[in-house]
Amino acid sequence: MSKIHAAITAVNGYVPEYVLTNKELESIVDTTDEWITSRTGIKERRILKGEGLGTSDMAVHAVNGLLKKRGITAEEIELIIFCTTTPDLPFPASANILADKIGAKNAWGYDLQAACSGFIYGVSTGAQFIESGKHKKVLVVGGDKMSSIINYEDRTTCIIFGDGCGAVLLEPNEEGFGVMDSILRSDGSGRQFLHQKAGGSARPASHETVDNKEHFVYQEGQAVFKFAVTNMADVAAEIMDRNNLTSEDVKWLVPHQANKRIIDATASRMGVGSEKVMINIQRYGNTTNGTIPLCLWEWESQLKKGDNIILAAFGGGFTWGSVYLKWAY
């Protein structure tokens with residue numbers, strides 16, 4: 001019997017309608033379109049508007065579209081891994097909320113929190129359930145409503161992040177397609193440079209934490225940039241070396257969309273030309289867990305069976321990693 005791999009058999013995405021442009025940000029904080037574009041590559045980002053709407057509401061759109069494309073019902077899903085930094089509630093898990101909203105009555109699920117690396121952690125984790133034979137249909141969702149934890153008076157962070165969600169379906173494959181390898185890393189000493197100061201058990205919400213604006217993303221940009229450029233590029237090159245892949249062998253690099261310069265550095269380290277790099281940061285900004293599945297969704301029509309694809313990400317914590325997969329359809 002040939003080895004079972006976990007293959008992506010469907011992908012879909014969703015971004016909210018509201019477009020927050022650099023021009024609009026110029027009227028909110030002291031910044032300019034030229035400054036934002038030259039340093040990040042971002043021109044606009046999407047924002048989820050509406051009372052009571054959370055990350056799971058974007059996921060409903062993404063997943064329902066995915067199910068329709070694949071021609072299956074929600075009741076066929078066995079496991080939901082919801083990768084998010086902005087769950088609807090501290091508990092229950094957004095995976096459980098999503099299961100209820102879409103009617104996935106036979107699925108169990110959980111949330112996975114690894115900041116911007118969450119989706120590749122989720123794909124790697126979900127693949128284990130497929131490869132072991134435990135499950136045949138695993139849904140991996142990556143999405144965030146970053147606008148819910150962004151201080152729009154802080155020009156160092158509000159220019160970067162946006163809202164969006166993507167999802168993939170993992171199923172068994174015996175033809176040699178699917179997730180071939182993954183390298184996942186973390187270093188908790190980096191938490192001081194990118195984190196949310198309050199809202200957890202160590203510093204619960206209080207009048208003081210709210211008044212001090214501690215429930216928003218805090219980032220020391222230079223330190224994060226330095227770590228991200230090195231580690232995301234290194235791990236992408238490492239997974240190529242480990243699997244004897246040359247730059248010619250790689251059809252697509254799907255990088256986390258944090259900063260255009262980090263993306264360029266990763267492609268350069270891999271020896272991959274810009275024509276092989278999926279980039280949509282200019283339109284969506286950094287949607288955290290949503291960036292990689294949104295890229296796969298937008299490029300789906302260009303993907304061919306057997307394509308060698310490298311996913312690479314870096315996130316707060318610090319977390320980082322890379323996944324090598326062969327496209328299955």
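**Before starting**

The structure is a predicted model, in which local features need pLDDT of at least 70, side-chain atom pairs count only at pLDDT 80 or more, and totals for chains, interfaces and linings use all residues. Residues are numbered from 1 along each chain as its sequence is written, and side-chain values use heavy atoms, with hydrogens and water left out.

**Stop 1: the two domains**

Select residues 5–176 and then residues 180–327, and give each selection its own colour. These ranges are domain 1 and domain 2 of the chain; such bounds come from an automatic or database domain assignment. Taken over C-alpha atoms, the centres of the two domains are 14 Å apart.

**Stop 2: the interface between the domains**

How many residues of domain 1 are in contact with domain 2? The count is 50 residues of domain 1, which meet 46 residues of domain 2; contact here means heavy atoms within 4.5 Å. The size of an interface is often given as the accessible area lost when the parts come together. Between domain 1 and domain 2, about 3700 Å² is buried, and 61% of this lies on carbon and sulfur atoms. Buried area is the accessible area (1.4 Å probe) that two parts lose on being put together, summed over both.

Next, select Cys116, Ile120 and Tyr121. Within domain 1, these residues lose the most area to domain 2, together accounting for 17% of what that side buries.

Polar groups also meet here: 22 residue pairs, both residues at pLDDT 80 or more, are in polar contact across the interface of domain 1 and domain 2. A polar contact is a pair of N or O atoms within 3.5 Å; within protein, one must be able to donate a hydrogen and the other to accept it, and residues adjacent in sequence count only if both atoms are side-chain atoms. On the side of domain 1 that touches domain 2, several elements each supply at least two residues, including strand 1 (5–14), helix 2 (33–40) and helix 5 (118–131). Helices (H or I, at least four residues) and strands (E, at least two) are DSSP runs, numbered from the N terminus. The residues of this side divide into 20 nonpolar, 19 polar and 11 charged. For this division, Ala, Val, Leu, Ile, Met, Phe, Trp, Tyr, Cys and Pro count as nonpolar, Asp, Glu, Lys and Arg as charged, and the others, Gly among them, as polar.

**Stop 3: salt bridges**

A salt bridge is a side-chain nitrogen of Lys or Arg within 4 Å of a carboxyl oxygen of Asp or Glu. By this rule there are 17 salt bridges, and the count between domain 1 and domain 2 is three. Select Lys69 and Glu300: they form a salt bridge whose closest N and O atoms are 2.8 Å apart.

Now select Lys305 and Glu175, whose side chains meet in a salt bridge at 3.6 Å, N to O. This pair links distant parts of the chain, 130 residues apart: Lys305 is in the loop between helix 10 (291–299) and strand 12 (308–315), and Glu175 is in the loop between strand 7 and strand 8 (178–186). Is each residue buried or exposed? Lys305 is partly exposed at 46% relative accessibility, whereas Glu175 is exposed at 54%. Buried means under 20% relative accessible area, exposed over 50%, and partly exposed in between (1.4 Å probe, protein chains only).

Move to Glu238 and Arg185, which form a salt bridge with the closest N and O atoms 3.1 Å apart. Glu238 is in helix 7 (residues 221–242) and Arg185 in strand 8, 53 residues apart.

Finally, select Asp88 and Lys101, a salt bridge with the closest N and O atoms 4.0 Å apart. Asp88 is in the loop between strand 4 (79–83) and helix 4 (94–102), and Lys101 is in helix 4.

**Stop 4: Ser94**

Ser94 is found in helix 4 and is buried, with a relative accessible area of 0%. Leaving out residues up to four places away in sequence, Ser94 touches Phe82, Pro87, Asp88 and Asp111.

**Stop 5: Leu170 and Lys136**

Select Leu170, in strand 7. Leu170 is buried, at 0% relative accessible area. Beyond its neighbours within four places in sequence, its contacts include Ala6, Ile8, Val123 and Lys136.

Lys136 lies in the loop between helix 5 and strand 6. The C-alpha atoms of Lys136 and Leu170 are 7.6 Å apart, although 34 residues separate the two along the chain. Lys136 also touches Glu78, among others.
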